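The exercises below go through one structure step by step. Please look at the sequence and the model before reading each solution.

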Amino acid sequence: MDYRIHFAPLQGYTDAVYREVHAAVFGGVTVYYTPFVRLEKDGFRNKELRDIAPGRNREVCPVPQLIAATPDEFRRIATLFREQGYRQADINMGCPFPMQARLHRGSGILPYKEEGEALLDTVNEFPDMTFSVKLRLGWDNADEALALLPCINSLPLAHVTLHPRLGIQQYKGNTDKESFFRFYGECKHPLFYNGDINSLEDIQRITEAYPLLKGVMLGRGLLSRPWLATEYVTGNEMPDSVKQAKLITFHEMLAERYGASLEGGEHQVLAKLKTLWDYLLPDAEKRLRKKVLKSNNLTTYRLAVKELLQQ
Ligand SMILES: Cc1cc2nc3c(=O)[nH]c(=O)nc-3n(C[C@H](O)[C@H](O)[C@H](O)COP(=O)(O)O)c2cc1C
């Protein structure tokens with residue numbers, strides 16, 4: 001079976017540099033998504049424009065993601081994607097960040113069925129593009145996504161990704177497998193499961209529980225264990241020595257490419273590399289993680305990373 005691993009968009013982490021370096025060093029991912037692009041009062045954010053610019057996405061063509069409350073916002077962002085050469089886009093109806101949700105964006109639109117339908121129907125205005133939808137079960141009620149399902153099923157979507165939590169849960173608390181199962185039973189599009197997949201066993205468990213899935217989308221699990229997708233695809237666990245060598249290469253390439261793309265010099269590159277450790281190798285020794293995070297230049301950072309990896 002052609003089972004796919006998608007890398008979830010993670011604002012602040014899976015930027016263009018990260019996506020390309022991950023693909024070059026670890027791989028195993030079929031589709032990378034950009035973090036969401038939003039429209040603000042005075043237009044687009046430069047950072048978001050840079051992240052989708054074709055020149056920064058030559059090695060890995062990601063699926064750009066939009067977040068919008070209205071058809072008009074949708075049109076403007078989808079038009080931008082089209083102008084940048086993209087023919088595929090993902091619609092974010094899952095983001096729980098209060099700043100977005102209170103504007104009826106992301107999972108904040110889910111309680112408003114008619115607004116959700118109007119937003120989704122906008123895909124029909126872009127017949128030369130294909131769209132996918134990433135959503136949660138609801139904002140505060142797991143019936144909300146189900147209520148949108150007839151509309152979702154009626155549209156020519158490439159696939160749907162469901163994260164079985166409510167917006168009010170943010171990223172914590174139990175996932176609701178029963179509600180996922182109801183959606184899974186009625187969804188006519190290829191469906192991907194997203195949420196709390198951290199190991200090969202987790203992937204296996206999801207695959208067995210929902211055999212009709214087209215694949216899974218991994219987020220924090222892949223930031224923590226960047227080799228997970230490739231292990232799944234090859235069917236082999238990666239030996240520790242290979243992981244270690246790859247993690248060193250991963251850091252070297254990230255440092256080099258962030259160095260070339262960030263304007264703030266070494267200090268900014270170092271700060272960016274340190275954010276990797278928000279998720280990377282959660283089981284690493286605390287003392288060594290601290291050393292990595294305390295390093296104040298790239299040389300000491302590299303040494304601290306090597307020491308940590310050699311444990
Ligand atoms: C820091 C952070 C940023 C995120 N940014 C986005 C985003 O830009 N677009 C989106 O659809 N989801 C975003 N998400 C949600 C993830 O894509 C994913 O759905 C969620 O983390 C659950 O999957 P996981 O348990 O595999 O991480 C974000 C999550 C986190 C923790």
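**Exercise 1.** Which domains does the domain assignment of the protein give?

Solution. The structure is a predicted model, in which local features need pLDDT of at least 70 and side-chain atom pairs count only at pLDDT 80 or more, while totals for chains, interfaces and linings use all residues. Residues are numbered from 1 along each chain as its sequence is written. The assignment gives domain 1 (4-234) and domain 2 (240-309), with bounds that come from an automatic or database domain assignment. Taken over C-alpha atoms, the centres of domain 1 and domain 2 are 28 Å apart.

**Exercise 2.** Describe the contact between the two domains, starting from the side of domain 1.

Solution. Begin with the counts: twelve residues of domain 1 are in contact with 14 residues of domain 2, where contact requires C-beta atoms, placed from the backbone, to lie within 7 Å. Next, on the side of domain 1 that touches domain 2, α1 (16-25) and α9 each supply at least two residues, and α1 gives the most, with four residues. Here helices (H or I, at least four residues) and strands (E, at least two) are DSSP runs, numbered from the N terminus. Finally, by class, this side of domain 1 has nine nonpolar, two polar and one charged residues; Ala, Val, Leu, Ile, Met, Phe, Trp, Tyr, Cys and Pro count as nonpolar, Asp, Glu, Lys and Arg as charged, and the others, Gly among them, as polar.

**Exercise 3.** Which residues have the most contacts inside the largest nonpolar core?

Solution. A nonpolar core is a set of buried Ala, Val, Leu, Ile, Met, Phe, Trp, Tyr and Cys residues joined through C-beta atoms within 7 Å. A residue is buried if 20 or more other C-beta atoms lie within 10 Å of its own, exposed if 12 or fewer, and partly exposed in between, with C-beta atoms placed from the backbone. The largest such core has 76 residues, and those with the most contacts inside it are Leu66, Ile77, Val216, Leu218 and Ala229. This core draws at least three residues from each of domain 1 and domain 2. When residues up to four places away in sequence are not counted, Val216 touches Ile5, Phe192, Tyr193, Asn194, Ile197, Ile203 and Ile206.

**Exercise 4.** Why is strand β6 (residues 160-166) described as largely enclosed by the rest of the structure?

Solution. Seven of the seven residues of β6 are buried, so the strand is largely enclosed by the rest of the structure. Taking the faces in turn, Val160, Leu162, Pro164 and Leu166 are buried on one side, and Thr161, His163 and Arg165 are buried on the other. Strand β5 (residues 130-138) runs parallel to β6 and is joined to it by five bridges, whereas pairing requires that DSSP finds at least two. Within this pair, Val133 stands opposite Val160.

**Exercise 5.** Is Phe74 buried or exposed?

Solution. Phe74 lies in helix α3 (residues 71-83). Phe74 counts as buried because it has 25 C-beta neighbours inside 10 Å. Leaving aside neighbours within four places in sequence, Phe74 is in contact with Leu66, Ala68, Leu119 and Thr122.

**Exercise 6.** Locate His104 and Asp196, and state the phi value of each.

Solution. His104 is found in the loop between α4 (98-101) and α5 (113-121), and its phi is near 65°, a positive value in a residue other than glycine. Asp196 is found in the loop between β7 (191-194) and α8 (200-209), and its phi, also positive, is near 60°.
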